[in-house]
There are 2 protein chains.
Amino acid sequence: MQVPLSHVCIHSITTKPWNIEQCVHHYSREGFGGISVWRNTLENRNIQDTGKMIRDHGLEITSLVRGGFFPSVSLEKRQKSIDDNRKAIDEAAALGAPLIVLVCGADPGQSLEMSRGQIKDSIEALIPYALASNVKLAIEPLHPVYAGDRSAINTMKQANDMALDLDSPVVGVAVDVYHVWWDPDLEYEIKRCGNINKLFAYHICDWKTGLSDVLNDRGLMGEGCINIKQITEWVRKTGFSGMEEIEIFSNLYWSMDQNEYLNKIKSSYLNLYK
Amino acid sequence: MQVPLSHVCIHSITTKPWNIEQCVHHYSREGFGGISVWRNTLENRNIQDTGKMIRDHGLEITSLVRGGFFPSVSLEKRQKSIDDNRKAIDEAAALGAPLIVLVCGADPGQSLEMSRGQIKDSIEALIPYALASNVKLAIEPLHPVYAGDRSAINTMKQANDMALDLDSPVVGVAVDVYHVWWDPDLEYEIKRCGNINKLFAYHICDWKTGLSDVLNDRGLMGEGCINIKQITEWVRKTGFSGMEEIEIFSNLYWSMDQNEYLNKIKSSYLNLYK
């Protein structure tokens, strides 16, 4: 089950205090094979040069993170969001990232049904641009704790259904164990996602009980209660051969020495499948 | 849609700083028709006398809260939990509460599947005692944010399926908008719950975005993003004619004057269906 570190990717947000050059230098030195680049790290950078710098360090660029945030009660804001997602597609193409992760968004000022409809319409509007740019879009279902303001897509079933309905080779699903581990239909929906060829990305971290912060208290693999091994097995069984992406938001870990933290990440990953 | 206050009940935990006598006095004075009694308020009380005191104030006792917390990696703890739930059934019978709300529990040290199996086995073990005592048990699906440590039953579908499988007139489901509002299958599962005669209780409050605390930052009705009116309509359509139960956990509101807070509760309820 264990894949070599060369098949493991880290999201730049995981070591948030580091700039992109530091992320690339240290991830590569420690033997990780890929990076998912968060857009904030590209500010004031030439994006093509940054892509080259990453590849020159031997890292694969797994994805650009993140697009989405589509729904709004304001038509103007919805249009702005589509424009920003086109910009993200341009950035991904310039960087050489094959995929953008979509955090779909939600507006607490309207019903979830309304937000869900707007998400679908917005992704549909982006498909031609994504196709032309050869950039894939991965709908990431977010944990229901974020249904109020971050995503109205909260289960694998919803993401699979939407990807199927949109029926484009550039639209698929990103599975993050943090968001979906609780779902009683998870095994079935991962299998289904594979059957419809929509499993585009796989993210890992852990869920600590007694969260101190709803957003930024995620755990290192093994530190919480997610059955990551089991979920990885379901994902691998579909034939998914992509990177295992480590993505951790943590005020706790961001406040420590990031080299020590990277060592913890590495050992927690290596212990995971033992 | 609006039901009179005489058909609205408050959970004693909502005004946590008050003892049971204060809750009863003030809820009754403000015209509310019922109370759901949390077990902590019965400590050092004669339970039968307390039940009489509540009824003498013209309040209906809607439920005793709460039983459950069944799963554990320890067999001894599972047995202790069954014993404690039998005690809760005794208390409900003595108090004159027709129903116990079950927060089913979860143990982060084992898989959700394991916890779910133990929950089912434990409820099954309690059925004869509940039948003999004429006390109903309502499985309350809890929001997936609590899947790690408070309940492995996280959707209406799971609660309905389990209530159906257990196939006893004393086992049903408690619907709390806070826990289920995000669920894309909610309308269908509420209808189904009604069709199988398992809709035993209905709780309301609101979900504020940007939670400051995962447990104790619930909102007054109208303060958040839950479409309570819509959900109430689905519940009423099933033929459910029970109390609407207000249950709010809030460090914010517990720290204010509880009479002022009760006025807020009353006006937020009265504004809800306008």
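Me: Where is Val173(A) found in this predicted model?
Reply: Val173(A) sits in strand β6 of chain A, residues 171-176. The model is predicted.

Me: Why is Val173(A) called buried?
Reply: Count the C-beta atoms. Val173(A) has 29 others within 10 Å. The cut-off for buried is 20 or more. Val173(A) is therefore buried.

Me: Which residues is Val173(A) in contact with, leaving aside neighbours within four places in sequence?
Reply: Contact needs C-beta atoms within 7 Å. Val173(A) makes such contacts with Ala138(A), Ile139(A), Ala159(A), Asn160(A), Ala163(A), Cys193(A), Lys198(A), Leu199(A) and Phe200(A).

Me: What separates Val173(A) from Gln2(A)?
Reply: Along the chain, 171 residues. Between their C-alpha atoms, 23 Å.

Me: Is Phe69(A) buried or exposed, and how do you know?
Reply: Phe69(A) has 23 C-beta neighbours inside 10 Å.

Me: What makes the phi values of Phe69(A) and Asn197(A) worth a remark?
Reply: Most residues other than glycine have a negative phi. Phe69(A) has a positive phi, near 50 degrees. Asn197(A) also has a positive value, near 55 degrees.

Me: What kind of peptide bond joins Val65(A) and Arg66(A)?
Reply: A cis bond, with omega about 5 degrees. Most peptide bonds are trans. Arg66(A) is in strand β3 of chain A, residues 60-68. In chain B, the bond from Val65(B) to Arg66(B) is cis too, with omega near 5 degrees. Arg66(B) belongs to strand β3 of chain B.

Me: How do you know which strands β7(B) pairs with?
Reply: Pairing takes at least two bridges. Strand β6 of chain B (residues 171-176) is joined to β7(B) by 4 bridges, in parallel. Strand β8 of chain B (residues 244-246) pairs with β7(B) over 3 bridges, also parallel. Both counts therefore pass the cut-off. Asp176(B) stands opposite His203(B) in β7(B). Tyr202(B) has Glu244(B) in β8(B) as its bridge partner. From β7(B) the chain crosses through helix α8 (residues 228-237) to β8(B), a right-handed β-α-β crossover.

Me: What makes both faces of strand β1 of chain B covered?
Reply: Residues 8-11 form the strand. Val8(B) and Ile10(B) are buried on one side, Cys9(B) and His11(B) on the other.

Me: Which strands does β1(B) pair with?
Reply: β1(B) runs parallel to β8(B), with 3 bridges. β1(B) also runs parallel to β2(B), again with 3 bridges. Cys9(B) stands opposite Glu245(B) in β8(B). His11(B) stands opposite Ser36(B) in β2(B). β1(B), helix α1 (residues 20-29) and β2(B) of chain B form a right-handed β-α-β unit.

Me: How does the span of helix α3 of chain B compare with the expected 30 Å?
Reply: The helix has 21 residues, 75-95. From first C-alpha to last, α3(B) reaches 30 Å, close to the 30 Å expected at 1.5 Å a residue. Its buried residues include Arg78(B), Asn85(B), Ile89(B) and Leu95(B). Among the elements covering the buried residues of α3(B) are β2 (34-38) and α4 (112-133) of chain B. Gly96(B) follows the helix, with a positive phi near 90 degrees.

Me: Why are the two copies said to be related as by a two-fold axis?
Reply: A rotation of 180 degrees superposes chain B on chain A, with 0.0 Å of shift along its axis and RMSD 0.0 Å. The copies are thus related as by a two-fold rotation axis. In chain B, the C-alpha nearest the axis belongs to Val145(B), 3.0 Å away from it.

Me: How do you know that the copies meet through the same surface?
Reply: Of the interface residues of chain B, 100% are also interface residues in chain A, so the surface is the same. In contact are 21 residues of chain B and 21 residues of chain A. The chain B side divides into 11 nonpolar, 9 polar and 1 charged.

Key
Residues numbered from 1 in each chain as written. Chains lettered and ligands numbered in written order. Predicted model: local features only at pLDDT ≥ 70, side-chain atom pairs only at ≥ 80, totals over all residues. Contact = placed C-beta atoms within 7 Å. Nonpolar A, V, L, I, M, F, W, Y, C, P; charged D, E, K, R; others polar. Helix = DSSP H or I, 4+ residues; strand = E, 2+ residues; numbered from the N terminus. Right-handed = clockwise from strand over helix to strand, strands pointing away. Expected span 1.5 Å × (residues − 1). Buried ≥ 20, exposed ≤ 12 C-beta atoms within 10 Å, placed from the backbone. Least-squares fit on C-alpha atoms with pLDDT ≥ 70 in both.
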